[in-house]
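Okay, thanks for making time, everyone. I'd like to walk you through one model today, so let me put it up on the screen.

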Amino acid sequence: MALILFDLDGTIIDSTDYLLQALHLAVEDMPHIQEPSKETLQSAYGLTGNAFWAKVVPDATPQEITIIRRRRSEFLDQLVKGKDILFPGVKETLQQLKDNGHTLTTASNCGTHYLDMILDSQDIRHYFSEPICLGTIHGEKKGDILTAHFDKFGKSEAFMVGDRYSDIEAAKEHDIPVIFCTYGFGSEEEASQADYRISRIEEVCSIVS
């Protein structure tokens with residue numbers, strides 16, 4: 001049976017609209033900071049903490065970023081509560097993969113608060129074994145998350161499922177195949193470097209069977 005590592009945004013969820021709204025609220029009283037556009041936000045998915053914030057709010061000082069991050073989390077928690085931000089077919093696919101005996105877990109360049117919020121608000125925590133993110137392990141890159149998982153579960157048969165170059169880079173670092181979600185936020189250039197390309201999450205089942 002396989003170990004399947006899932007990215008979050010662009011792979012199993014799309015939080016863009018709510019995250020964008022939360023960011024705009026977070027900088028509402030900071031007129032010198034330009035509100036990020038949807039395109040800017042989506043282009044930043046897959047980046048690690050400092051790089052993400054430098055892309056999204058380049059005019060903010062480190063002190064302001066600390067404030068923005070806290071506010072963003074508070075607003076996003078409120079906005080996402082009770083909302084379904086899963087891509088179509090995610091729960092059914094996760095259930096089928098788990099029923100087939102595969103081990104599922106997470107590998108996202110986010111913080112622990114965001115990971116927990118997604119798992120609990122979308123009621124998907126029970127599908128995953130020891131879900132972690134970059135914030136959980138205080139890592140520097142997505143490959144570090146995979147290292148932590150492989151130390152626990154091994155990697156004799158593992159797959160990375162994601163939609164950005166960071167997912168491909170992490171998979172190549174560990175010499176495992178990557179399944180690229182073309183419905184996510186990555187570019188055609190990124191997709192061309194993947195081992196598999198899927199247009200629906202359900203297609204993971206046939207690849208790992």
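This is a predicted model: local features need pLDDT of at least 70, side-chain atom pairs count only at pLDDT 80 or more; totals for chains, interfaces and linings use all residues.

Residues are numbered from 1 along each chain as its sequence is written, and side-chain values use heavy atoms, with hydrogens and water left out.

Let's start with D123. With a relative accessible area of 46%, D123 is partly exposed. You'll find D123 in the loop between α6 (112-121) and β3 (132-133); helices here are DSSP runs of H or I with at least four residues, strands are E runs of at least two, and both are numbered from the N terminus. What about its backbone? Phi of D123 is near 55°, which is positive although this isn't a glycine. Most residues other than glycine have a negative phi. D175 also has a positive phi, near 60°. That one sits in the loop between α9 and β5 (178-181), and D175 is exposed, at 72% relative accessibility.

Now, the domains. The assignment, which is automatic or from a database, gives domain 1 (3-14 + 86-208) and domain 2 (15-80). Their C-alpha centres lie 23 Å apart. Counting contact as heavy atoms within 4.5 Å, 15 residues from domain 1 and 12 residues from domain 2 take part.

How much area do the two domains bury between them? About 1,100 Å², with 55% of it on carbon and sulfur atoms; that's the accessible area, again with a 1.4 Å probe, that two parts lose on being put together, summed over both. On the domain 1 side, M117, R164 and F185 supply 36% of the area buried against domain 2, more than any other three residues.

Over the whole model, though, the count is 13 salt bridges. Take K141 as an example. K141 pairs with D144, the closest N and O atoms being 3.0 Å apart, and K141 also meets E173 at 3.9 Å, N to O. K141 is in the loop between α7 (134-137) and α8 (142-153) while E173 is in helix α9 (residues 165-173), so this pair ties together parts that are 32 residues apart in sequence. As for accessibility, K141 is partly exposed at 37%, and so is E173 at 41%.

Shared partners join D7, K142 and D167 into one salt-bridge network.

Last stop, the nonpolar core, meaning buried Ala, Val, Leu, Ile, Met, Phe, Trp, Tyr and Cys residues joined through side-chain atoms within 4.5 Å. The largest core has 54 residues, and F6, I68, I124 and F128 touch the most other members. Domain 1 and domain 2 each contribute at least three residues to this core. A second, separate core has 18 residues, including L146 and F180.

Key. Buried means under 20% relative accessible area, exposed over 50%, partly exposed in between (1.4 Å probe, protein chains only). A salt bridge is a side-chain nitrogen of Lys or Arg within 4 Å of a carboxyl oxygen of Asp or Glu.
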